[in-house]
Amino acid sequence: MRILILGVSAIALSGCSWLGLGGSNNDYQSYKQRANTGNYNYGQQAQKTKSSNNCHSGQCLSRWNVEAAVGPSFNVGGNAVTGSRAHTELGSDLNNVNFSEAYQPGVRGEIGGSYALQPNRKITANVFYEQADSDGDFDWGTIGTQELRGGLSDYETYGAEIGLRQYFTPRRGGGIIGNFRPYVEGRLGATHLNDISIEGATLDGTAFGAGEDIAFYESGWVGSAAGLVGIETPIARHATIALESGVRYTQAQGSDNSDILGGSPLSGTNNGGSRTSIPVMLRGRYRF
């Protein structure tokens, strides 16, 4: 339900901004000129900027921006459980379980800023938090002839990213879609992953592992990378809103073998952990 509400809100807000900016050709030409030259000030404001910032040309580039974004993040790749690497000689026949089976879609939030190198190119930086709820217990396979079931604790991350965003020539939409500017962005980041444990494991309905949580992945820092595409539209003199998506890859976290010893039938099942996701973010930007 939380993901649905976020998605509906993103579409509604984006729709409102486009409805309000689907105006005349003059609106489009003004937006296009400001976007391509960096002159986001006009009229009396432009004259004020010229005198206070020694901007003699009148094409004053608004360099500093603050940004924030929120939206769902969908699991599309990576194994949370690597049953194919389990030691079959110990009597286990376990499954690979991917992130989309083990977890619900996540929620991601970002806050940061950007700096304009040119009117159409920005360096970006942000801090983020992302969390995905466990999808409950699932079938792990069998140990001997007995069925193993259990779930994983929530997937929780935070960290920081830097990136480079390239804007393209503003476009004029049709129908309810007003003036917008497409962009692409590449990012690299450092991501902290919280530890993950097996919860509520049972073997043919009987508690497995003495009924305690079983340590599975350890917490730590890993690398991440993302490629994004988006469209941005103005909603006020100094503010824009964007809808973006893409692909994000997060490296695997380390295996925690403090509970899963070499003689355990679960040995080898925690050798995955890398995750590929598709974020759908609603991004707001305010330029100074």
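Reply: What follows looks at one arginine and then at some strand pairing. This is a predicted model, in which local features need pLDDT of at least 70, side-chain atom pairs count only at pLDDT 80 or more, and totals for chains, interfaces and linings use all residues. Residues are numbered from 1 along each chain as its sequence is written, and side-chain values use heavy atoms, with hydrogens and water left out.

Me: OK, where does arginine 283 lie?
Reply: Arginine 283 lies in strand 17, residues 275-287, where strands (E, at least two residues) are DSSP runs numbered from the N terminus.

Me: Is arginine 283 buried or exposed?
Reply: Arginine 283 is buried, because its relative accessible area is 4%, and buried means under 20% (1.4 Å probe, protein chains only).

Me: And which side chains make a polar contact with the side chain of arginine 283?
Reply: The side chain of glutamate 244 does so at 2.8 Å, and that of glutamate 67 at 3.5 Å; a polar contact is a pair of N or O atoms within 3.5 Å, and within protein one must be able to donate a hydrogen and the other to accept it, while residues adjacent in sequence count only if both atoms are side-chain atoms.

Me: Changing topic, how do strand 15 and strand 16 pair?
Reply: Strand 15 and strand 16 (residues 239-250) pair in the antiparallel sense over 12 bridges, pairing being when DSSP finds at least two bridges between two strands. Together strand 15 and strand 16 form a hairpin with two residues between them, and isoleucine 231 stands opposite leucine 243 in strand 16.

Note on methods: Helices (H or I, at least four residues) and strands (E, at least two) are DSSP runs, numbered from the N terminus. Buried means under 20% relative accessible area, exposed over 50%, partly exposed in between (1.4 Å probe, protein chains only).
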